[in-house]
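Hi,

Here is the structure I promised to pass on.

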Amino acid sequence: MLSTFFAVLRRDLLLAWRGRADVLVTLAFFVIVVCLFPFGVGAEPNQLRAIAPGVLWVAALLACLLSLHRLFAQDHADGTLEQLLLSSEPAALWVAAKVLAFWLSTGLPVVAVAPGLALLLDLEQGALPVLVLSLALGTPILGLLGAVGAALTLGLRGGGMLLALLVLPLFVPVLIFGAGAIEAEMSGTGAAAHLLLLGGGLAGALALAPWACAAALRIATD
Amino acid sequence: MLEVEDLACLKGDRLLFRDLALRLQAGELLRVAGPNGVGKTSLLRLVTGLALPEAGQIRWNGTSISREREPFHRALLYLGHAPAINDLLSPLENLRFACAAAGDEVDPKACEQALVRIGLANQLDLPARVLSQGQRRRVGLARLFLSARRTLWVLDEPFTALDVKAVADLAQALSEHCAAGGMVMLTTHQDAPFAVPPRVLDVGAYAC
């Protein structure tokens, strides 16, 4: 049963590697958006430190959104999606594999470069582990929720814009607790509560989103 | 055995056909015929379970396919209009993925042999984007040689873009599958040299 999961995971990671320009564009977008803020709000370190958690999180969220529409579009166009839906394996399984591959190629690089950008914004070094942890817990939720949105808008005209309208409101709780974790750590109250909520959100999304996504994909190919 | 009863297909807000019935038994080859736009592809998609019928029943070995999807899809091979080939992968990678995704454990050697047999010996490791239309078609069709244990083959225009020899080879492979107790349902506008002339179902007769 897991052979389908690993086949999809391996293929999507291979495709991400062969089309790595797309992955780099997402990462460059993240870096550039964060770097724009000091130009806009001024290079006052206290001010930058105060907005750093929010800026990093919003930029990560937008970078994730930027590549979400690619998640199923190619497979939908070339007929691979039909073949996957005709697999005798449960659809939630390979949907989870696709989202995992998406996160490994989009979310993980963002998590990896975020500490460097945090230093640019003069975030306290003590808050860096919390930043990494909150992004590592939060970006998979973005991927899972976004996958449902991507499946629902598949094949629609102007699907990219609609996808943003659909999923951005759903990203708000993740943003609040993600950025909130770093602020809580900086203010000394500790980030445990926020991180636990993010972890709970991830567990919930992991359990529900693949099924919703599979159902939406069946509708999209009907 | 595949049974279809009282099938109706709605496309947008237009009823394409209704009261369509068919029965496919082991060893039969059925050609779905009719002019463009009459609903041949729609019928195939309904039969595979990719689309849901407006009305009617589709049963595989006596059980409705909407009730028990998995045994049906384990016995089904569907090759649609789109060949399900990713441009960035080689024919070999595409074929191995197609088999693995469908849940078949296939030996890599067997995949290579299937591609050689279908005439792609020199293109095994090229990215699929440099292949011609006919060659891409062949990559998809290579799965037929690895799917003998899937009883029901549903093929949408399998002969498109193939040269004369490839059409003859494919027709022979389909005839062999039927001779071994399989079932084939296909659409085509071409005359293919089948060993036994196929039964023809004219969708136009059920058009609304």
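**What I found**

In chain B, 71% of the contacts with a separation of 6 or more are between residues 24 or more positions apart; two residues are in contact if their C-beta atoms, placed from the backbone, lie within 7 Å. Before going on: this is a predicted model, where local features need pLDDT of at least 70 and side-chain atom pairs count only at pLDDT 80 or more, while totals for chains, interfaces and linings use all residues. Residues are numbered from 1 along each chain as its sequence is written, and chains are lettered from A and ligands numbered from 1 in the order in which they are written.

Staying with chain B, it has 6 helices and 9 strands (DSSP runs numbered from the N terminus: H or I of at least four residues for helices, E of at least two for strands). Its radius of gyration is 17 Å, which agrees with the value near 17 Å for a compact globule of 208 residues (taken over C-alpha atoms; the rule is 2.2 Å times the number of residues to the power 0.38). The C-alpha trace of chain B spans about 50 × 35 × 35 Å along its principal axes. Of its 208 residues, 44% count as buried, meaning 20 or more other C-beta atoms lie within 10 Å of a residue's own, with C-beta atoms placed from the backbone.

Now the place where the chains meet. Chain A and chain B put 23 residues each into the contact. On the chain A side, α1 (2-18), α4 (70-78) and α5 (80-85) each supply at least two residues, and α1(A) gives the most, with 7 residues.

Two helix pairs in chain A are worth a look. α3 (residues 45-68) and α8 (residues 159-187) of chain A pack at an angle of about 150°, with axes 9 Å apart (lines fitted to C-alpha atoms over the stretch in contact, angles running from 0 to 180 degrees between N-to-C directions). That makes α3(A) roughly antiparallel to α8(A), the term for angles over 145 degrees. Among the residues making this contact are A:W57 and A:L61 of α3(A) and A:F171 of α8(A).

In the other pair, α6 (residues 91-120) and α9 (residues 192-221) of chain A pack at about 105°, with axes 8 Å apart. They are therefore roughly perpendicular, which covers 65 to 115 degrees. The residues in contact include A:V95 of α6(A) and A:W211 of α9(A).

Cheers

Notes: Parallel < 35°, antiparallel > 145°, perpendicular 65-115°, else oblique. Buried ≥ 20, exposed ≤ 12 C-beta atoms within 10 Å, placed from the backbone.
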